[in-house]
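These are my notes from an afternoon with one protein model. I wrote down what I looked up, in the order I looked it up.

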Amino acid sequence: MPVTGSTACCTTMNNSQNTPRTALITGASSGIGLATAEKFAGEGWNLVLVARRMEKLLEVKASYPVRVDVLNIDVRDRNAGNNIADYIKTNGLRIDLLVNNAGLASGLEPVHQALVDDWEVMIDTNLKGLLYVSRAITPLMVEQGAGHIINLGSIAGKEAYPNGNVYNATKFAVDGLTKAMRMDLYTFGIRVTQIAPGAVETAFSEVRFHGDINRAKNVYKGFKPLDAKDVADAIWYCANVPPHVSIHDLVIMPTAQAAAAMIHKVI
Ligand code: 8X3
């Protein structure tokens, strides 16, 4: 997989040591990833943005007076993490925050009817992609003796629900991995956080239903779901608590959603 790197102007100094902070965000071209990129860029952080589609990344780069490096990389590629790390090292960058956001749900059928191709893409992205990137970036954080990893989990990683099967399994894996990664990394001054959202109105359901927009819209009818910005704000909060504070796990839900499969709808 070729790495296409591209850099914008300017470096913003914004923390107390007057050194720039840089966030690496995967899945940055849409939804929570894009909202997070915009939030951090708006607050003066430099960015390394990773996605399969470049258009939105280039828009972020053009819109904010911070350094934005954009990488056309699919995290499912086994070399993805190493390619990102190589780019970071070659360009003398320091990653203060890794947001492992790339992920998706594909399909919502019972286990005896689900498509194995859906399972493959979820396992490859939500689990293996997160691992490839983390495996390559964590040594850089260990070397610098600091860093923060925020994994995007889900309420689906806390509670199973009917037809959730492999999506549930990948997000339960993120939940477990987040805890285990923290145990491996905390003595190096590295924080590891999980953000576990409930229903967020993005392209999530459209992807889950293989492009069936009407079915996707129905998911969010009759209640107010979260939007991507709500989750980006939570990520921002977790990334900006004082250095001695670590948010281990943050579940963020719509007020109308009491549990994974319990949404109060008024239609
Ligand atoms: C997405 C939330 O409720 O569809 O991760 O599982 S849910």
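**Entry 1: terms.** Before placing any residue I need to know what a strand and a helix are here: helices (H or I, at least four residues) and strands (E, at least two) are DSSP runs, numbered from the N terminus. With that settled, I looked up Asn-101 and found it in the loop between strand 5 and helix 4. I also note that the model is predicted.

**Entry 2: Asn-101.** Is Asn-101 buried or exposed? I read a relative accessible area of 12% for Asn-101, and buried means under 20%, so Asn-101 is buried. A polar atom of the Asn-101 side chain lies 3.0 Å from the backbone oxygen of Gly-27. Leaving aside neighbours within four places in sequence, I listed the contacts of Asn-101 as Thr-26, Gly-27, Ile-32, Gly-33 and Leu-152.

**Entry 3: Thr-26.** Thr-26 was on that list of contacts, and I looked it up next. Thr-26 sits in strand 2, residues 22-26. Its relative accessible area is 2%, so Thr-26 is buried. Which backbone nitrogen lies 3.0 Å from a polar atom of the Thr-26 side chain? I found that of Asn-101, and the backbone nitrogen of Ala-102 also lies 3.0 Å from a polar atom of this side chain. Leaving aside neighbours within four places in sequence, Thr-26 has contacts that include Val-50, Val-75, Val-99 and Val-133.

**Entry 4: Gly-107.** I went back to the loop between strand 5 (97-100) and helix 4 (116-144), where Gly-107 has its place. Gly-107 has 8% relative accessibility, so it counts as buried. Not counting residues up to four places away in sequence, Gly-107 touches Asp-118, Arg-208 and His-210. I also checked Gly-107 against Cys-238: they are 131 residues apart along the chain, and their C-alpha atoms are separated by 31 Å.

**Entry 5: the ligand.** Arg-208, which Gly-107 touches, turned up again among the residues that surround the ligand. I sorted the shell into five nonpolar residues, three polar and one charged. Then I looked up distances from side-chain N or O atoms to an oxygen atom of the ligand: 2.5 Å for Ser-154 and 2.6 Å for Tyr-161. For Tyr-167, a polar side-chain atom lies 2.6 Å from an oxygen atom of the ligand. Taken alone the ligand exposes 240 Å², and the protein buries 85% of that.

**Entry 6: the cores.** How many residues does the largest nonpolar core have? I read 38, and those with the most contacts inside it are Phe-40, Leu-47, Leu-49, Ile-195 and Ile-235. Helix 8, residues 228-239, supplies the largest share of this core, with eight residues. Leaving aside neighbours within four places in sequence, Ile-235 is in contact with residues including Phe-40, Ile-195, Val-99 and Thr-36. There is a second, separate core of 28 residues, and among them are Leu-24, Val-50, Ile-84 and Val-174.

**Entry 7: helix 3.** Ile-84, listed in the second core, is also one of the buried residues of helix 3, residues 80-90. Helix 3 is followed by Gly-92, and the phi of Gly-92 is positive, near 60°.

Terms used
Residues numbered from 1 in each chain as written. Predicted model: local features only at pLDDT ≥ 70, side-chain atom pairs only at ≥ 80, totals over all residues. Heavy atoms only, no water. Core = buried A, V, L, I, M, F, W, Y, C linked by side-chain atoms within 4.5 Å. Buried < 20%, exposed > 50% of the residue type's maximum accessible area, 1.4 Å probe, protein only. Contact = heavy atoms within 4.5 Å. Near = heavy atom within 4 Å. Polar contact = N/O pair within 3.5 Å; in protein donor to acceptor, adjacent residues only side chain to side chain. Areas by Shrake-Rupley, 256 points an atom, 1.4 Å probe, with all protein chains shown as cover. Nonpolar A, V, L, I, M, F, W, Y, C, P; charged D, E, K, R; others polar.
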